Amino acid sequence: MEEVKLFRTWSSPFALRVVWALKLKGIEYETIYEDLANKSSLLLKYNPIHKKVPVLLHNGTPICESLVILEYIDDTWNKTTPLLPKDPVARATTRFWAKFNDEQLAPSVFNAYTSQGVEQEEAKAPALKNLEIVEKQLKGKKFFSGETIGFLDLAFGWIANYLEIFEETSGIKLLDEERFPLIMLWKDNFYNIPIIKESWPDREKLVTKFKVMREYFLSVKASK
């Protein structure tokens, strides 16, 4: 019998990618919730470099970093429900855009969310520019991966819920149907897929958490 455990927090959008992938593949797993203010000895053992979630433990072997975990899941289980395309060029392109999300889009949105006043207005421009780039990737598609969800939809999945939370808790407005019609349509399609929808954290708890988180980052910036 296989042992599959997922170390995560209840609110991490990166861990949600792994939850979605495991559910799409039909893999049973045990969830171990971490308190990042008081990290368990197991988390530190299994991810000694970054000391972060998510960590997937498969038969005693830890796999770290959400995008790496997604590839591992795709390579290991249920080949009839592939997350990555078979074509090498398409696979490379998929990895490129997933990396774009993690290294450019998400940080630019987070920077705008943790700013205020003039600084927030300045931070808004690169976030919008990155969203415009993402918008173009959806031209002629229902999902980033085509007619069905795949690796890129899981990578960009946070947009379908967390971006709205960032907007509500920071007062910034990034998404609208006039400027980003394809993202907005994708957002609704992705959000309401049963496996995706049932996995979203409680919205009120997220709003409360991200309000507190924003206040913390603002206070850190102010103290510098």
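The legends below accompany close-up views of a predicted model.

View 1. In an unreviewed UniProt entry, the annotation "domain: GST N-terminal" covers residues 2–81.

**View 2. The largest pocket and its lining.** The largest pocket holds about 1,200 Å³ of space, and among its 38 lining residues the closest to the centre are Ser-12, Pro-13, Phe-14, Leu-36 and Val-53. At least two residues of this lining come from each of helix H1 (13–25), helix H3 (66–76), helix H4 (88–113), helix H7 (162–170) and H10. Sorted by class, the lining of the largest pocket consists of 22 nonpolar, seven polar and nine charged residues.

**View 3. The second largest pocket.** About 160 Å³ of space lies in the second largest pocket, whose lining is made up of Pro-85, Ala-90, Thr-93, Thr-94, Trp-97, Gln-137, Lys-141, Phe-144, Ser-145, Gly-146 and Leu-152. H4 gives the most to this lining, with four residues. By class, the lining of the second largest pocket has five nonpolar, five polar and one charged residues.

**View 4. Ser-199 in the loop between H9 and H10.** Ser-199 is placed in the loop that runs between helix H9 (194–197) and helix H10 (203–223). Its relative accessibility is 11%, which is under the 20% limit, and Ser-199 therefore counts as buried. A polar atom of the Ser-199 side chain lies 2.8 Å from the backbone oxygen of Ile-195. When residues up to four places away in sequence are not counted, Ser-199 touches Leu-16, Val-19, Trp-20 and Lys-23.

**View 5. Gln-120 in helix H5.** Gln-120 lies in helix H5, which spans residues 117–137. Because its relative accessible area is 8%, under the 20% limit, Gln-120 is classed as buried. The side chain of Gln-120 has a polar atom 3.0 Å from the backbone oxygen of Ser-115.

View 6. H7 in turn supplies at least two residues to the lining of the largest pocket. After H7 comes Gly-171, whose phi is positive, near 80°.

**View 7. Lys-139 in the loop between H5 and H6.** Lys-139 is found in the loop that joins H5 to helix H6 (151–155). With a relative accessible area of 68%, which is over the 50% limit, Lys-139 is therefore classed as exposed. The C-alpha atom of Lys-139 is separated by 7.1 Å from that of Leu-182, although the two residues are 43 residues apart along the chain.

Note on methods: Residues are numbered from 1 along each chain as its sequence is written. This is a predicted model: local features need pLDDT of at least 70, side-chain atom pairs count only at pLDDT 80 or more; totals for chains, interfaces and linings use all residues. Side-chain values use heavy atoms; hydrogens and water are left out. Buried means under 20% relative accessible area, exposed over 50%, partly exposed in between (1.4 Å probe, protein chains only). A polar contact is a pair of N or O atoms within 3.5 Å; within protein, one must be able to donate a hydrogen and the other to accept it, and residues adjacent in sequence count only if both atoms are side-chain atoms. Contact means heavy atoms within 4.5 Å. UniProt positions are given in the numbering used here, feature names are shortened, and annotations may be inferred rather than shown by experiment. On a 1 Å grid over the protein atoms alone, a cavity is a set of points where a 1.4 Å probe fits but cannot get out, and a pocket is an open set with protein on both sides within 12 Å along at least five of seven lines; lining residues have an atom within 4 Å of a point. Grid points are joined across faces, edges and corners, and a volume is the space filled by probe spheres set on the points. Ala, Val, Leu, Ile, Met, Phe, Trp, Tyr, Cys and Pro count as nonpolar, Asp, Glu, Lys and Arg as charged, and the others, Gly among them, as polar.
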